[in-house]
Amino acid sequence: MNVRVYKNADAIGAAAAALFAAQVIAKPNSVLGLATGSTPLPTYRRMAALYEEGAVDYSGVTTYNLDEYVGLDHDHDQSYYYFMHDNLFKYINIPEEQIHVLSGMAKDPAEECKAYDAAIDAAGGIDLQILGIGRNGHIAFNEPTTTFPPTTHIVDLTESTIEANKRFFASADDVPRQALTMGIGSIMKAKSIVIIATGADKADAVYAMINGPVDPQCPASVLQLHPNVTVMLDEGAASKL
Ligand code: PGA
């Protein structure tokens, strides 16, 4: 793992957006794996600025998002589809038909998950994947458990994730209880990965990811086995290393 520590979240955003820019300039039809949450927002702001400045043309890019809540349609303002449009897609020029977010309203979630993995494979796989990390070491909605889930699947959210995400909803009761998420195996297939953590409340999870055993109890620890991972941390997230 290539671990880098930056002064603050904006410096990380600039560095991560530069990785995406370099990827897209080198390969205009890149397949990008995108994430929601607070962590990638500075990266998305900088990606939008690079488009605005004319430095990067995203028109050939295809995207796949990591996950989506079950039961929220794309118009729901807490759906990840909505989040991605609100925070990135409306500012850059990726054609809508090249944007992919799992459907939380799929009648057959298992089929939705299977088709999603097949579509990523058919697109040639993800070139560059961005990830955040949960306080419990989760990546996407792969929560601590006893095995690394290989493929995209439906999950029950843990109490700690519901607690962490309730800030976006009227109350904890309004947070969906299930989600569709790319599996650990789907994520590990990405050719390169950048994982970002900011804030001292992520320091224990970051320590376990980098220095702990490779163990599904800390899903992010699997990234120790990936050949091309860049870890971008601020000083708080790096404080236990
Ligand atoms: P956050 O979420 O970026 O909102 O902290 C990260 C995660 O839980 O994966």
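A residue is called buried when its relative accessible area is under 20%, exposed when it is over 50%, and partly exposed in between (1.4 Å probe, protein chains only). The structure is a predicted model, in which local features need pLDDT of at least 70, side-chain atom pairs count only at pLDDT 80 or more, and totals for chains, interfaces and linings use all residues. Residues are numbered from 1 along each chain as its sequence is written, and side-chain values use heavy atoms, with hydrogens and water left out.

**Figure 1. The whole protein.** The secondary structure comprises 7 helices and 10 strands; these are DSSP runs (helices: H or I, at least four residues; strands: E, at least two), numbered from the N terminus. Of the 241 residues, 51% count as buried. The C-alpha atoms occupy a box of roughly 45 × 45 × 35 Å along the principal axes. Contacts (heavy atoms within 4.5 Å) with a separation of 6 or more are formed, in 79% of cases, by residues 24 or more positions apart.

**Figure 2. The salt bridge between D127 and K27.** A salt bridge is a side-chain nitrogen of Lys or Arg within 4 Å of a carboxyl oxygen of Asp or Glu, and the structure holds 9 of them. In this view the side chains of D127 and K27 meet at 2.9 Å, N to O. D127 lies in the loop between α4 (109–122) and β6 (128–131), and K27 in the loop between α1 (9–26) and β2 (31–34), so the pair ties together parts that are 100 residues apart in sequence. D127 counts as buried because its relative accessibility is 5%, whereas K27, at 30%, is partly exposed. A network of salt bridges links K27, D127 and K191.

**Figure 3. The salt bridge between D201 and R135.** The side chains of these two residues meet at 2.9 Å, N to O. The pair links distant parts of the chain, 66 residues apart: D201 is in the loop between β9 (192–197) and α7 (203–211), and R135 is in the loop between β6 and β7 (153–156). D201 is partly exposed at 43% relative accessibility, and R135 is partly exposed at 46%.

**Figure 4. The salt bridge between K240 and D204.** The closest N and O atoms of K240 and D204 are 2.8 Å apart. K240 belongs to the segment after β10 (229–234) and D204 to helix α7, so that this pair, 36 residues apart, links distant parts of the chain. K240 is partly exposed, with a relative accessible area of 46%, and D204 is partly exposed, with 48%.
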